[in-house]
Amino acid sequence: MHALFQKIAALPWDQLPQWLFLIPGLLMLLAAFAAVCLRNLIHSALCVVLSFICLGVLFMALGAEFVGFVQLLVYVGAVAMLILFAILLTPASEVQASNNPLSNFRLSSALHAAAGAAVSFLVLAGLLAAIAFSPRAANAELPAQPAAAPVALIGENLLTYTLLPLLGIAVLLTAALVGAALIAKEDSKS
Amino acid sequence: MNFPGSGIIKGMAVTALNIVGSYFDRAHAKRLITEQYPEERPKLAEASRSFPFLVFDGDDPEKGIRCVACKICEKECPPQCIYIVKDTDANGKPIMRPKVFDIDISVCMGCQICVESCPFESIRMDNIYEVSGYDRFAPLVLHKPQLLKSNAYYHGIRPTEAAATDARIEAARLRKEAAAKAAAAKVAAAKAAAAAKAAGEKAAETKPTQPE
Amino acid sequence: MNFFALLKDFLLQFLGLFKNLETLPVECMRLLREFLTKLGELCGITMPQWALDTVSALVLIVAILVTFLVLFALMSVFERKLLARAQNRYGPNRVGPFGLFQPVADGIKMLTKEDLVPRAADKVVHYLAPIVMVAPALMLPVFLPFGRGMVAVDLSVGILAFFALGAGTELAVFMAGWASNNKYSILGAMRAIAQMISYELPLVTSALVVALVAGTLSPTGIAEAQSGYFCGFLPKWFVCTPWGFAACVLFYIGALSESNRCPFDLPEGESEIIAGHLTEYSGFKYAIFFMAEYVGMFAVNGLLVTLFLGGYNAPFPFLEWVPTWCWFFIKLWAVALSMVWVRTTLPRFRIDQMMQFAWKFLLPMSFVTLLAAAAWYYAGQGPKAWMSPAAWSASALIVLLSYLLLGTFCFTRRHSATNRRYLFSE
């Protein structure tokens, strides 16, 4: 009994947290795969939400709590609801009946698969290139702990270096909001 | 004073006063109107009714039963929840008393037609309301022993109606007695007349023998 | 030294902890770790750090869960009793003393009910919705400081985390509404989501106001920023400032709406859409939805207490002998019961009124409080603002003027022709 206890206690438990990221990581991949494969649109959307959540958890596991929670707040709280509502408000029959121009191309399933593989390969290559050529990769020495007050740092950066882009995005979003309101209003009058 | 939102504050004050007042206000004794049922019971109105029962006179239900098994109520009952079998005596001859008197109160609708139609003031409406059983059938069929309740009980639940009934029965009894007396008197008178006549005839017969 | 001697030793130490109630919960955790270490020594192994961390985390989780579930149970009784009193009734008073065991009876009833799943429902999503609802709700209390040094997860972005997890509720409501395959369910879910998204804006903005002045997003830091007194005895709570009061009221309204409480209970307006997204749920799944709603309500109230009502700080210097965690729960109950009070008073909004109220009044007003807080901060030179007349007058002026303007524009008051007479309340 004691020997068993000691054996279990002697296992390299300290390295466990480094491997725990596999759980959300694999779950994220699985959910993403399911989102593509499932027939039911709502189920796919929910799987997308699951992969968003897992991504947020991965951020948190890397010590980037702020980014992780923003990921949850924005993607789970807002983007996911947008996707779900878009699916909900689009009648299924309408989608099937519409003349999808793509359906006229009688591509074989093999060609479909090839096109998909090509696109994913391009995206993957782009991502890998971005990682390989990023300045961080050059010294490859990540700081063990993030800065003491990452939130304050992010806030300061937002209001100094990136103020102009921030304002630009704000104007863009406001314009989009007003435009959406206008379209909705006209629709209700007619 | 009116400013935006003042109405909400006023409304909140009203409910707050009510909540606090319900604990401390003794001026309105009947403020909390909820009846605490198993401990407090509602005072039923005299005319409130639920299901029929059978009235008996005196102390012995079997002896004092007013029902004569005429089966009028059984025939009148709209949902047909009454079942009566006439009793027989030792010789097998039917007598004016029920052997079986069942009322299925799961069927009874409390219309009181049986009461209206009973010529013997025997069936009356009860005001029990705690009738329940673990079964839909047997516990809700009331048999004669359960149905029989004394005239005193009847007086207890609805004194006005019971007094009127008793007065009617008494009047009927008096009428009957008077009629019987009258009949008896008539019979007696007839008898007397007959006797007198017989005496007269006898006298007439004997008269000639009597010296003038 | 055998096991029982060790146990006795630590039990005595545990009883000794009751001499200082203020540090009792923290010391209990320390004692538990010590006990586990000693127990390991007794068994001949050195207890590894991760095992201690795991066990103390589990104990903490259980303690917080039990606390909030007990709060939920008590709330369900007190709410019914207060509602009844406002309507001149007794309320539940049958089960146990003063009806206090009513939640037990309710729980038994809920557990023994049949768990119905509609034939046309999306079974998997229908099953998952209560889980998705209750998981974030039970996670929310973790970020709150219950007393000085008593916070389970001390994040520097605690408030953001709170709102991020709260966003999971919308997803659950959508799942419940859609999976039930029922028109009332989906209508209720749409209403609920529209309401949650609309009221999250003033809620988050008024929390932002506090973060702006306190200079931190950590709930512990915000609670600590409200410790101390000005003028010698007045509490330095943010609700005592003009901008803080306005933000507190806005946050309170937002919290009412986020927890679907009257007058914002449109998602389950029973006279209109049966029970909204809960229509097709029964038995234990319904109970779980109910629980998530109440625990979420207590969590949001706890955030309100932390942000505006001074968190765990005592209101006056002479009351500081009461342990800080007691103050937190006293304030939490005060806010929760005030929500019942609001519920007895106000009728349900119509959906267009609710939307107008959110977008035309609450949202502009919350931006105004942001402005007023900024004015307070700059006119009073940061933390010194409590004693600065300029800061007080500037922020008070901004808040009051904009409130009166917005109020008169938004609400056209209609006066009833007759004076109402109330039987008992005048």
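**Group meeting: a three-chain predicted model**

Let's start inside chain C. Phe251(C) touches Leu203(C), Ser206(C), Ala207(C), Leu304(C), Leu307(C) and Phe308(C), leaving aside residues up to four places away in sequence. By touching, or contact, I mean C-beta atoms, placed from the backbone, that lie within 7 Å.

Some ground rules. This is a predicted model: local features need pLDDT of at least 70, side-chain atom pairs count only at pLDDT 80 or more, and totals for chains, interfaces and linings use all residues. Residues are numbered from 1 along each chain as its sequence is written, while chains are lettered from A and ligands numbered from 1 in the order in which they are written.

Back to Phe251(C). Which core does it belong to? It is among the residues with the most contacts inside the largest nonpolar core, which has 131 residues. A second, separate core has 23 residues, including Val55(B), Phe56(B), Ile123(B) and Leu142(B). A nonpolar core here is a set of buried Ala, Val, Leu, Ile, Met, Phe, Trp, Tyr and Cys residues joined through C-beta atoms within 7 Å. Buried means 20 or more other C-beta atoms within 10 Å of the residue's own; exposed means 12 or fewer; partly exposed is in between; the C-beta atoms are placed from the backbone.

Now chain C as a whole. Its secondary structure comes to 15 helices and four strands. Those are DSSP runs, numbered from the N terminus: helices are H or I with at least four residues, strands are E with at least two. The radius of gyration of chain C is 24 Å, close to the 22 Å that the globule rule gives for 426 residues, so chain C is as compact as a globular protein of that length. That radius is taken over C-alpha atoms, and the rule is 2.2 Å times the number of residues to the power 0.38. The C-alpha trace of chain C spans about 85 × 65 × 45 Å along its principal axes. Of its 426 residues, 42% count as buried. Take contacts in chain C between residues at least 6 apart in sequence: 74% join residues at least 24 apart.

Chain A next. It has ten helices and zero strands. Buried residues make up 15% of its 190 residues. Of the contacts in chain A with a separation of 6 or more, 45% are between residues 24 or more positions apart.

How do the chains meet? Two pairs of chains are in contact, and chains A and C share the most contacts. Chain A and chain B do not touch; their nearest C-alpha atoms are 28 Å apart.

First, C against A. Here 21 residues of chain C are in contact with 22 residues of chain A. On the chain C side, α6 (158-166) and α7 (168-179) are the elements that give two or more residues. α7(C) gives the most, with five residues. That side of chain C divides into 17 nonpolar, three polar and one charged. For the classes: Ala, Val, Leu, Ile, Met, Phe, Trp, Tyr, Cys and Pro count as nonpolar, Asp, Glu, Lys and Arg as charged, and the others, Gly among them, as polar.

Then C against B. This time 17 residues of chain C are in contact with 20 residues of chain B. α3, α13 and α15 (389-410) of chain C each supply at least two residues to that side. It divides into nine nonpolar, six polar and two charged.

Look at helix α1 of chain B, residues 6-24. Which of its residues are buried? They are Thr15(B), Asn18(B), Ile19(B) and Ser22(B). They cover an arc of only 95° around the axis, which puts them on the same side of α1(B). The arc is that of the directions from the helix axis to the C-beta atoms. What covers them includes α3 (49-86) and α13 (324-345) of chain C. The face turned away carries the exposed Ser6(B), Ile9(B), Lys10(B), Ala13(B), Tyr23(B) and Phe24(B).

Phi of Ala69(B) is near 60°, a positive value in a residue other than glycine. Ala69(B) sits in the loop between α2 (61-64) and α3 (72-76) of chain B. Ala69(B) is buried, with 21 other C-beta atoms within 10 Å. Asn260(C) also is not glycine, and its phi is positive, near 55°. Its place is the loop between α10 (242-258) and α11 (270-273) of chain C. Asn260(C) counts as buried, with 21 C-beta neighbours inside 10 Å.
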